[in-house]
Amino acid sequence: MTLVVVGASLAGLRAVEAARRTGYRGRIVLIGAEEHLPYDRPPLSKAFLADGGPRTVEPFHTEEVLREVLGVELLLGAPADGLDIGSREVTVAGTAVRYDALVIATGATARTLPGARALRTAEDAVAVRDALDRGARTVVIGAGFIGSEVASAARARGLPVTIVEAAVVPLARAVGETAGAALAGLHHEAGTELRLGTEVTGVTADGVHLAGGEVLPADLVVAGIGAVPATGWLEGSGLVLHERDRGVVCDATLSSGAPGVYAAGDVAHVASSLFGGLLRLEHWTNAAEQGAAAARHALDPAAARPLETVPYFWSDWYGHRIQFVGTPDADEVVTAGDTTLYRRGDRLVGALTVDRPREIMKHRRRIADRAHWADALAFAGTT
Ligand code: FAD
């Protein structure tokens, strides 16, 4: 029996660990496009950018632990370039690797803009940190979470930073308009200039060119404009890829429908029994939970059960912890102090808090329990 995991990051690593935890003693091959051992991404836009922060990106495990303790054959710096679901083979630079069970965990690749730098990999983080060390005037394109964390790191060093955002409310898709507008206040308080409803037409050595003709001078330009599933290698494989962004479409057990093939993490569109429809999340907890489940299900499909976890993410800006659970896709949004609740029908479906770490996990449980809206409001003290 061979378990092949493609993608050597969070979801892929959790797949390997879960396989061994179930008592699986067969072969495991972990294939990764990056040269690095699996490492954690959230610190790249937080502690790693801080003045006096860590100078190197540490892996989750040493190579010795991966090879000797977890018994993994590592193929790093080696992107998979094809999948044959009939003969059950992944190809890597022309060489076929046969699998009985396959976990696809190739994540997502940052969208880029010529002249700007994305922040997705260890190399990106080193480049951004080096520029901040040199005292860069920074322009961030896109007021998403990663861009906001870069701005926060720049302000913590007392450096000037501007965020340019095409939408009139930041984070509208991620947390809804009400909460997005409230979070914009954190930028203002910290002295980050926020240019909303502003289109970027290009980036040159002079800086960032705006639609009205203005040029914002910049030494560092970071594009935080989203990411797309890394599935180029799956085109033509017969797997169902999402029509919009080509992520791998899965049922609620993470099965792609092809025998033995499961997907997890940022790459996967997963049927949600809790909210209906497909959900593709770019959240740490989701990748970790799905990676583990995908390996268990791939190794024992008969025991596969729908995953019913409630989406969760956090982000740290200017010393504040922002946390979100559930979905922002709601009929009504109610804000009280540092808590925002989201209603769909008569149910609580989402919650956002600022600096309330204990409260957010209670909301997560209520959403999983399909809590009634009136009860959720009473708990949050908003009635
Ligand atoms: P990825 O981490 O994208 O890993 C996929 C791996 O597969 C990559 O190493 C890639 O090189 C490799 N790969 C791609 N194609 C191939 C191929 N053909 N063959 C082999 N390998 C391939 N989430 C939060 O909830 N909170 C946070 O605060 C937060 N902060 C973040 C900060 C940053 C800077 C970034 C980039 C992300 C952050 N996230 C955060 C999101 C979180 O890190 C991701 O959801 C998580 O990393 C997804 O894990 P993954 O394994 O699915 O995919």
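Visitor: Which strands form a hairpin with six residues between them?

Guide: Strand 19 and strand 20 do. Glycine 276, in the turn, has a positive phi of about 80°. A strand here is a DSSP run of E with at least two residues, a helix is a run of H or I with at least four, and both are numbered from the N terminus. Strands pair if DSSP finds at least two bridges between them.

Visitor: What kind of model is this?

Guide: This is a predicted model: local features need pLDDT of at least 70, side-chain atom pairs count only at pLDDT 80 or more, and totals for chains, interfaces and linings use all residues. Residues are numbered from 1 along each chain, as its sequence is written.

Visitor: What is the mean pLDDT of the protein chain?

Guide: pLDDT is the predictor's confidence in each residue, from 0 to 100. Where it is low, the predicted coordinates should not be read in detail. Here the chain's mean is 96, and 99% of its residues reach 70 or more. The model also scores ipTM 0.99 and pTM 0.97.

Visitor: What is the order of the open sheet of three strands?

Guide: The order is 4-5-6, with antiparallel pairing. Strand 4 (80-84) and strand 6 (95-98) are the edges, each pairing on one side only. Four bridges join strand 5 (residues 89-92) to strand 6.

Visitor: Is glycine 345 buried or exposed?

Guide: Count the other C-beta atoms within 10 Å of its own, placing them from the backbone: 20 or more is buried, 12 or fewer exposed, and in between partly exposed. Glycine 345 has 9 such neighbours, so it counts as exposed. Its place is in the loop between strand 24 (339-344) and strand 25 (347-354).

Visitor: How many residues surround the ligand?

Guide: A residue is near a molecule if its C-beta atom, placed from the backbone, lies within 6 Å of it. Here 37 residues surround the ligand, and Gly7, Ser9, Ala11, Gly107 and Gly265 are the closest. Helix 1 (10-21) and strand 2 (27-32) are among the elements that each supply at least two residues of the shell.
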